[in-house]
Amino acid sequence: MQARPTPQQADAHEPTPQERSRAVRATAHHARDAAQLAELLDMLGLDPDEGRGGGVPQARSGGPSAA
């Protein structure tokens with residue numbers, strides 16, 4: 001059975017680029033405006049450009065193709 005992490009251990013986790021990208025996008029979704037988004041990202045130590053790191057999902061195969 002795994003021991004429960006202490007607060008110090010929980011803070012030691014460095015988020016992956018994918019996690020940071022998702023955090024930026026989630027924050028942008030909930031922000032009222034650009035000024036609030038900038039303030040929230042600054043508080044979280046995130047850069048707006050990190051939200052672009054996730055890339056565009058690839059189209060699934062088997063669907064209609066664009067001609």
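Author: Let's settle on T27, which lies in helix 2 of this predicted model. Helices here are DSSP runs of H or I with at least four residues, strands are E runs with at least two, and both are numbered from the N terminus. The model being a prediction, local features need pLDDT of at least 70 and side-chain atom pairs count only at pLDDT 80 or more, while totals for chains, interfaces and linings use all residues. Residues are numbered from 1 along each chain as its sequence is written, and side-chain values use heavy atoms, leaving out hydrogens and water.

Is T27 buried or exposed? T27 counts as buried because its relative accessibility is 12%; buried means under 20% relative accessible area, exposed over 50%, and partly exposed in between, with a 1.4 Å probe and protein chains only. Across the protein, 12% of the 67 residues count as buried.

Now for the neighbours. The T27 side chain reaches the backbone oxygen of A23 at 2.7 Å. That is a polar contact, a pair of N or O atoms within 3.5 Å; within protein, one must be able to donate a hydrogen and the other to accept it, and residues adjacent in sequence count only if both atoms are side-chain atoms. Leaving aside residues up to four places away in sequence, T27 touches L37, L40, L41 and L44, where contact means heavy atoms within 4.5 Å.

Those leucines bring us to helix 3. V24, T27, A28 and H30 of helix 2 meet Q36, L37, L40, L41 and L44 of helix 3. Sorted by type, the residues of this contact are 6 nonpolar, 3 polar and no charged; Ala, Val, Leu, Ile, Met, Phe, Trp, Tyr, Cys and Pro count as nonpolar, Asp, Glu, Lys and Arg as charged, and the others, Gly among them, as polar.

Helix 3 has something to see at either end. After helix 3 comes G45, with a positive phi near 75°.
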